[in-house]
Amino acid sequence: MRHYLIVLGTSVALAGCVSTARTTATSVSSVEPASRAQIIDALAGGLFGAIDDGQAGRADRMLALEAEYRALEHTPAGQTVPWRSERSALSGEVTAAQPYRVGSQDCRPYAHKVNRGGETRTARGTACRNADGSWTPLT
């Protein structure tokens with residue numbers, strides 16, 4: 001009987017760990033932002049803004065920031081979200097790590113690698129998810 005209680009207690013404890021991990025992973029994509037413009041505004045230039053030397057046009061910035069949003073919101077940890085401009089020599093990829101919780105906010109570290117004419121620049125940072133579904137980079 002004692003052995004049974006130990007096994008039962010261990011099973012319950014492990015089930016709680018699995019449930020917590022699932023909640024954290026799925027809570028990242030539970031709310032969608034109101035609009036495409038809201039995504040870009042909330043990212044406030046994102047990591048792309050730290051890499052861009054001011055030569056990227058609005059359409060290229062939009063592609064880069066949308067890739068950041070997709071990586072943060074929808075992509076499993078470690079998978080990349082590639083993007084490529086049809087107008088210029090810019091391309092890049094965004095990779096987000098496992099989300100974690102700070103208080104009531106989900107946050108994710110991520111990296112953005114940008115290629116321009118054979119030169120590659122990389123920026124790393126963390127963004128936290130707002131109640132409306134948008135992401136705000138930590139500064």
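Visitor: What makes Glu93 partly exposed?

Guide: This is a predicted model, and the answer rests on values computed from it. Glu93 has a relative accessible area of 28%; because buried means under 20% and exposed means over 50%, a value in between is called partly exposed.

Visitor: Which residue forms a salt bridge with Glu93, and what makes the pair a salt bridge?

Guide: The partner is Lys113, and the closest N and O atoms of the two are 3.9 Å apart. The cut-off for a side-chain nitrogen of Lys or Arg and a carboxyl oxygen of Asp or Glu is 4 Å, so the pair qualifies. The two residues belong to distant parts of the chain, with Lys113 in strand β4 and Glu93 in strand β2 (residues 90-96), 20 residues apart. Lys113, with a relative accessible area of 34%, is partly exposed.

Visitor: How many salt bridges does the structure hold?

Guide: There are five, and one of them joins Asp52 to Arg116, whose closest N and O atoms are 3.9 Å apart. That pair too links distant parts of the chain, since Asp52 is in the loop between α3 and α4 (58-74) while Arg116 is in strand β4, 64 residues apart.

Visitor: Why is Asp52 called buried, and why is Arg116 called partly exposed?

Guide: Asp52 has a relative accessibility of 18%, and because buried means under 20%, Asp52 counts as buried. Arg116, at 24% relative accessibility, falls between the limits of 20% and 50%, and therefore counts as partly exposed.

Visitor: And what are the values for Glu119 and for Arg121?

Guide: Glu119 has a relative accessible area of 44%, and Arg121 has a relative accessibility of 37%. Because each value lies between 20% and 50%, Glu119 is partly exposed, and so is Arg121.

Visitor: Which backbone nitrogens does the side chain of Asp52 reach?

Guide: The side chain of Asp52 reaches the backbone nitrogen of Gly54 at 3.2 Å, and one of its polar atoms lies 3.3 Å from the backbone nitrogen of Ala56. The cut-off for a polar contact is 3.5 Å, so both distances fall within it. If residues up to four places away in sequence are left out, Asp52 touches Arg61 and Arg116.

Visitor: How do you know that Arg108 has no salt bridge?

Guide: The nearest side chain of opposite charge is that of Glu73, 7.6 Å away; because a salt bridge requires a distance within 4 Å, Arg108 has none, although Arg108 is buried. Arg108 lies in strand β4 (residues 105-116), and its side chain reaches two backbone oxygens, that of Ala71 at 3.1 Å and that of Ala97 at 2.7 Å.

Visitor: Why is the pair of Phe48 and Trp83 called edge-to-face?

Guide: The structure holds one aromatic pair, and in that pair Phe48 and Trp83 are 5.9 Å apart, centre to centre, with 85° between the planes. The centres lie within the limit of 6.5 Å, and planes over 60 degrees apart count as edge-to-face, so both parts of the description follow. The pair links distant parts of the chain, Phe48 being in helix α3 (residues 46-51) and Trp83 in strand β1 (residues 80-84), 35 residues apart. Both Phe48 and Trp83 are buried.

Visitor: What is the phi of Ala44, and where does Ala44 lie?

Guide: Ala44 has a positive phi of about 45° although it is not a glycine, and this residue lies in the loop between α2 (36-43) and α3. Most residues other than glycine have a negative phi. Ala44 has a relative accessible area of 66%, and because exposed means over 50%, this residue is called exposed.

Conventions. Residues are numbered from 1 along each chain as its sequence is written. This is a predicted model: local features need pLDDT of at least 70, side-chain atom pairs count only at pLDDT 80 or more; totals for chains, interfaces and linings use all residues. Side-chain values use heavy atoms; hydrogens and water are left out. Rings of Phe, Tyr and Trp (its six-membered ring) pair if their centres lie within 6.5 Å; planes under 30 degrees apart count as stacked, over 60 as edge-to-face and the rest as tilted. Helices (H or I, at least four residues) and strands (E, at least two) are DSSP runs, numbered from the N terminus. Buried means under 20% relative accessible area, exposed over 50%, partly exposed in between (1.4 Å probe, protein chains only). Lys and Arg count as positive and Asp and Glu as negative; His and the chain ends are not counted. A polar contact is a pair of N or O atoms within 3.5 Å; within protein, one must be able to donate a hydrogen and the other to accept it, and residues adjacent in sequence count only if both atoms are side-chain atoms. Contact means heavy atoms within 4.5 Å.
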